[in-house]
Amino acid sequence: MSRRSASSSGKLEAPRRHLGLLLTAVALAACSSQPALRQDRPAALQRDQLQDFVLVGRFALRHATQNYAGRIEWQHAAGRDTLLLASPFGQGIAEITGDAKGARLRSSDGSEQVAASSDELLLTVLGYPVSLGRLLAWLRGSDGGNGRFEHDTLGRPLRLQHEDWRIAYEYDDDAPQALPGRLFVEREGGFVLRLRIDEWRLPGAADAPQ
């Protein structure tokens, strides 16, 4: 091999050695970081153990002659509910907070209305016949003991007939304890609620590694 050929070969091999070392370092860093990410990641919420949670999604509601659609963030924690309702484009519409002491609705125009409970607020102020308590039970796959459930092959709630309410469930994965990704609620008389759940998480887990 000529001196020129040996020199050219050396110039080519040096970048290759550097590239090989760089790829090895990246691979080692990725392997060493994966367990830490898995350790920091919050455990998936389980349907049968659902207590405190944050639900983020979209809704479409039809009641009587009125139609509504928008975004919802519902935090249920420590006996307190906070619902943030926004337009489909993200502009705030209302905030509903409720606990054992009562409930309050704050509208985007600054007005406020109060009631003894969130359920009373939804019924008397907004005219919605569905209660948060019932909606919470349905999301958990419960009916209070007086409904008729149909389950899928994994044992998950698929359909529920609860008094004059009809509830249907859809899921985004095949986990037996998966929480619903979609909830369809209908009542005789014209009340229809479509809820698309984009995210379930624990309160305070918004900044947790994904």
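Me: What does Glu-73 count as in terms of relative accessibility?

Reply: At 29% relative accessibility, Glu-73 counts as partly exposed. Buried means under 20% relative accessible area and exposed means over 50%, with partly exposed in between, using a 1.4 Å probe and protein chains only.

Me: What sort of model is this, and which cut-offs apply?

Reply: This is a predicted model, in which local features need pLDDT of at least 70 and side-chain atom pairs count only at pLDDT 80 or more, while totals for chains, interfaces and linings use all residues. Residues are numbered from 1 along each chain as its sequence is written, and side-chain values use heavy atoms, with hydrogens and water left out.

Me: Back to Glu-73. Which residue forms a salt bridge with Glu-73?

Reply: Arg-201 does, with the closest N and O atoms 4.0 Å apart. The pair links distant parts of the chain, as Arg-201 is in strand E11 and Glu-73 in strand E2, 128 residues apart. A salt bridge here is a side-chain nitrogen of Lys or Arg within 4 Å of a carboxyl oxygen of Asp or Glu. Helices (H or I, at least four residues) and strands (E, at least two) are DSSP runs, numbered from the N terminus.

Me: Arg-201 itself: buried or exposed?

Reply: Arg-201 is buried, with a relative accessible area of 16%.

Me: How many salt bridges are there by that rule?

Reply: The count comes to 17 salt bridges. One of them joins Asp-198 to Arg-58, with the closest N and O atoms 2.6 Å apart. Asp-198 lies in strand E11 and Arg-58 in strand E1, so this pair ties together parts that are 140 residues apart in sequence. Asp-198 is partly exposed at 38% relative accessibility, and Arg-58 is partly exposed with a relative accessible area of 38%.

Me: And Arg-196, what is its salt-bridge partner?

Reply: Arg-196 forms a salt bridge with Asp-172, the closest N and O atoms being 3.1 Å apart. Arg-196 is in strand E11 and Asp-172 in the loop between E9 and E10, 24 residues apart.

Me: Which residues are linked in a network of salt bridges?

Reply: Glu-95, Arg-104, Arg-106 and Glu-112 are linked in this way. Arg-106 also has Glu-112 in E6 as its bridge partner. Strand E5 (residues 102–107) and strand E6 (residues 112–115) run antiparallel and are joined by 4 bridges; strands are taken to pair if DSSP finds at least two bridges between them. The two form a hairpin with 4 residues between them, where Gly-110 in the turn has a positive phi of about 95°.

Me: New topic, E11. Over how many bridges does it pair with E1?

Reply: Strand E1 (residues 53–63) and strand E11 (residues 191–201) pair in the antiparallel sense over 9 bridges, with Arg-62 standing opposite Val-192 in E11. Strand E10 (residues 182–187) also runs antiparallel to E11, and 6 bridges join the two. Val-192 in E11 is the bridge partner of Glu-186. The hairpin of E10 and E11 has 3 residues between the strands, and Gly-189 takes a positive phi near 115°.

Me: Where is Ala-64, and what is its phi?

Reply: Ala-64 lies in the loop between E1 and E2. The phi of Ala-64 is near 55°, a positive value in a residue other than glycine. Ala-64 is exposed, with a relative accessible area of 60%.

Me: How many residues does the largest nonpolar core have?

Reply: The largest nonpolar core has 35 residues, and those with the most contacts inside it are Leu-55, Trp-74, Trp-138, Ile-167, Leu-183 and Leu-195. The largest share, 5 residues, comes from H3. Such a core is a set of buried Ala, Val, Leu, Ile, Met, Phe, Trp, Tyr and Cys residues joined through side-chain atoms within 4.5 Å.

Me: Last one: where does Pro-129 lie?

Reply: Pro-129 lies in the loop between helix H2 (118–125) and helix H3 (132–139). Leaving aside its neighbours within four places in sequence, Pro-129 is in contact (heavy atoms within 4.5 Å) with His-63, Leu-123, Trp-165, Arg-187 and Phe-191. The C-alpha atoms of Pro-129 and Arg-187, 58 residues apart along the chain, are separated by 9.2 Å.
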